[in-house]
Amino acid sequence: MKKANFYKRLVAYMIDMFIVGLVISIISYNFDTTRLEKLSDKSIKLMNSFANGDISSDKYFSEYTDILYKVNKANINGNLLGLVIYVGYFVLFQFFNGGATIGKKLLKIKVVSQGGGEVSLWQMIVRTSIINGIVPLALSLILVFTTKGLVFLTLSSVVGLFENIFVIICVFMLLYKSDCLALHDIMSKSVVIES
């Protein structure tokens with residue numbers, strides 16, 4: 001088993017993210033975005049008012065927090081769609097396609113169990129939940145329904161921060177560890193190899 005290098009994995013991931021993004025864009029093209037557009041306009045007006053000194057920083061922060069919450073609430077359908085497509089592509093499609101997404105197929109790499117056998121559905125769920133932002137996306141959806149205002153802003157910011165830190169750690173592990181295993185590889189007991 002020859003482990004795939006970081007650059008092949010990165011290019012495969014970029015191809016896969018392009019495909020997933022394209023599918024989400026095509027499906028969500030007909031979503032009614034009127035509410036999001038109004039909130040975007042309101043946000044721009046709020047920023048201009050603050051920049052011109054028409055409102056205080058406290059008022060700006062309070063109204064911005066409210067707008068951010070409303071944007072996330074208005075985007076529930078888009079987030080649910082993203083969750084379904086991510087799971088469908090990175091878990092189910094990859095599992096039933098022998099551990100390879102389209103990007104991995106093009107670069108001739110695939111995911112296998114660390115013992116060398118085929119990756120299990122559970123391993124694919126763990127990998128995807130960690131590296132493809134499924135857990136943060138699901139947590140964000142839960143936060144929209146269970147919190148508001150400053151609590152929502154704080155918790156969703158913390159979730160986003162942890163997601164970014166996790167991705168950075170994974171990248172450094174792939175670049176500098178001799179075994180080419182990142183956290184999502186270790187936690188799912190899987191490895192990406194040349195096919």
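In this predicted model, one aromatic cluster is formed by Tyr13, Tyr86, Tyr89, Phe90 and Phe93. Within the structure there are 10 aromatic pairs. One of them is stacked, because the ring centres of Phe50 and Tyr60 lie 4.7 Å apart and their planes meet at 25°, which is under the 30 degrees required for stacking. Phe50 belongs to helix 2 (residues 34–51) and Tyr60 to helix 3 (residues 57–74), so this pair ties together parts that are 10 residues apart in sequence. Phe50 is partly exposed, with a relative accessible area of 35%, whereas Tyr60 is buried at 19%. The pair of Tyr89 and Phe90 is edge-to-face, because the ring centres are 5.0 Å apart and the planes stand at 85°. Both Tyr89 and Phe90 are buried.

Turning to charged side chains, the whole structure contains six salt bridges.

Arg9 lies in helix 1 (residues 6–28) and Asp185 in helix 9 (residues 183–188), so their bridge ties together parts that are 176 residues apart in sequence. Arg9 and Asp185 are both buried. Lys59 and Glu63 are four residues apart in helix 3, about one turn of the helix. Lys59 is partly exposed at 42% relative accessibility, and Glu63 is partly exposed at 27%. Lys70 and Asp66 are likewise four residues apart in helix 3. Lys70 is partly exposed, with a relative accessible area of 28%, and Asp66 is partly exposed at 32%. Finally, salt bridges with shared partners join Arg9, Arg127 and Asp185 into one network.

Definitions and conventions. Residues numbered from 1 in each chain as written. Predicted model: local features only at pLDDT ≥ 70, side-chain atom pairs only at ≥ 80, totals over all residues. Heavy atoms only, no water. Phe/Tyr/Trp six-rings, centres within 6.5 Å; stacked < 30°, edge-to-face > 60°. Helix = DSSP H or I, 4+ residues; strand = E, 2+ residues; numbered from the N terminus. Buried < 20%, exposed > 50% of the residue type's maximum accessible area, 1.4 Å probe, protein only. Salt bridge = Lys/Arg side-chain N within 4 Å of Asp/Glu carboxyl O.
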